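Look over the model before reading on.

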Amino acid sequence: MKKLLLTTALAALATGAQAEVKVGMITTLSGGGAGLGLDVRDGFLLALAQSGRDDIELVVEDDQQAPDIAVQLSDKMIQSERVDVMTGIIFSNLAMAVIPSAVNQGVVYLSPNAGPSQLAGRGCHPNYFNVAWQNDNLHEAAGAYANTAGYTNSFILAPNYPAGQDALTGYKRMYQGELAGEIYTQLGQTDYAAEIAQIRASGADSVFFFLPGGMGISFLKQYADSGVDIPVVGPAFSFDQGILQAVGAAALGVVNTAQWSKDIDIPVNQAFVESFSAEYGRLPSLYASQGFDTANLLISALEKADPSDNDAFRAALRDADFESTRGAFRFGNNQHPIQTIYAREVVQEGDVFTNRIIGVALEDHADAYAAECQMP
């Protein structure tokens with residue numbers, strides 16, 4: 001486990017200044033999900049660097065995609081590091097292990113990715129803000145797209161953990177057709193021969209899957225090699241920038257859903273894509289945009305209030321007074337985003353596989369659990 005201190009904070013300490021705000025980031029930096037955590041971290045760091053602030057200290061730790069390690073790191077950050085704000089978790093099972101305890105200890109948590117349904121409805125909390133989406137959202141958009149595409153018999157699959165369960169629930173919430181099959185796979189699974197055989201025999205006219213990180217790479221490669229010729233629809237997580245380079249031509253033409261894309265034509269997003277590419281030598285991913293937005297939300301709130309004034313700081317966060325890379329952004333009553341979700345198609349630009357927007361899947365969309373949220 002490695003600790004990273006933001007360069008500007010180190011510079012401030014070297015000159016005798018004291019960092020006023022301490023942010024703890026627990027994210028996945030090793031193993032199959034490392035690319036997701038690295039992108040969240042790098043997007044967050046870029047926004048902090050661009051802000052020019054010297055009063056923010058960022059402490060970064062690797063959760064190794066293990067709930068017990070994430071809990072240990074959280075306890076250390078809250079009790080020993082005395083962080084004001086926490087962020088960074090990628091996977092929903094880790095979020096459920098860490099966030100309820102953290103927010104009940106008075107720490108504000110800004111989620112740059114995981115958005116389990118349990119924390120959007122009855123489990124909502126004044127100290128918990130999700131800056132990405134509620135887990136169901138992109139899958140709901142995939143279901144809505146499947147309707148417009150004329151699909152009536154989808155085969156659906158996802159890993160058996162909170163985000164996977166939310167994924168299939170979200171797709172079914174909007175999808176109006178029949179199901180040719182429904183499977184929960186193992187989290188971390190890499191061999192999908194049995195599932196692909198079931199898809200082949202199912203009579204499906206479409207396949208919806210949510211398999212983030214290395215799981216999605218394995219499935220897409222095996223699916224392409226299998227010769228099964230059934231259209232695939234998915235959320236951005238399985239067709240994101242890092243994944244596409246590993247999958248290659250097997251993903252061309254696949255439609256996926258996302259609240260962000262590098263071709264959203266607004267100045268803040270164009271500047272983000274350009275600066276991220278220049279700083280890190282790669283195109284930003286959905287996860288990088290979420291890390292960038294999370295940091296900018298934090299910075300916007302710090303312009304108005306100090307974390308020591310909990311009520312004022314939370315009110316400043318709820319204002320969401322920052323320019324998001326995705327365009328219009330606001331929080332609902334449960335402090336989850338209300339936003340537009342796009343349909344994107346995988347294309348090739350030179351030697352790079354990427355996505356381009358082909359339409360809107362859901363406009364100004366809120367999550368299905370907000371009505372259950374009663375803030376204390």
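This is a predicted model: local features need pLDDT of at least 70, side-chain atom pairs count only at pLDDT 80 or more; totals for chains, interfaces and linings use all residues.

Residues are numbered from 1 along each chain as its sequence is written, and side-chain values use heavy atoms, with hydrogens and water left out.

**Disulfide**

- One disulfide (a pair of cysteine sulfur atoms within 2.5 Å) turns up in a search of the whole structure.
- Cys124 pairs with Cys373, with 2.1 Å between the sulfur atoms.
- The S-S torsion of Cys124 and Cys373 is about 95 degrees, so this disulfide is right-handed.
- Cys124 sits in the loop between strand S4 (108-111) and strand S5 (128-130), and Cys373 in the segment after strand S13 (352-365), so the bond ties together parts 249 residues apart in sequence.
- Helices (H or I, at least four residues) and strands (E, at least two) are DSSP runs, numbered from the N terminus.
- Cys124 and Cys373 are both buried (under 20% relative accessible area, with a 1.4 Å probe and protein chains only).

**Ser285**

- Ser285 lies in the loop between helix H10 (267-280) and helix H11 (286-302).
- The relative accessible area of Ser285 is 1%, so Ser285 is buried.
- The backbone nitrogen of Tyr287 is 3.2 Å from a polar atom of the Ser285 side chain.
- Leaving aside residues up to four places away in sequence, Ser285 touches Asp39, Asp240, Gln241 and Trp260 (contact means heavy atoms within 4.5 Å).

Conventions:
Buried means under 20% relative accessible area, exposed over 50%, partly exposed in between (1.4 Å probe, protein chains only). A polar contact is a pair of N or O atoms within 3.5 Å; within protein, one must be able to donate a hydrogen and the other to accept it, and residues adjacent in sequence count only if both atoms are side-chain atoms.
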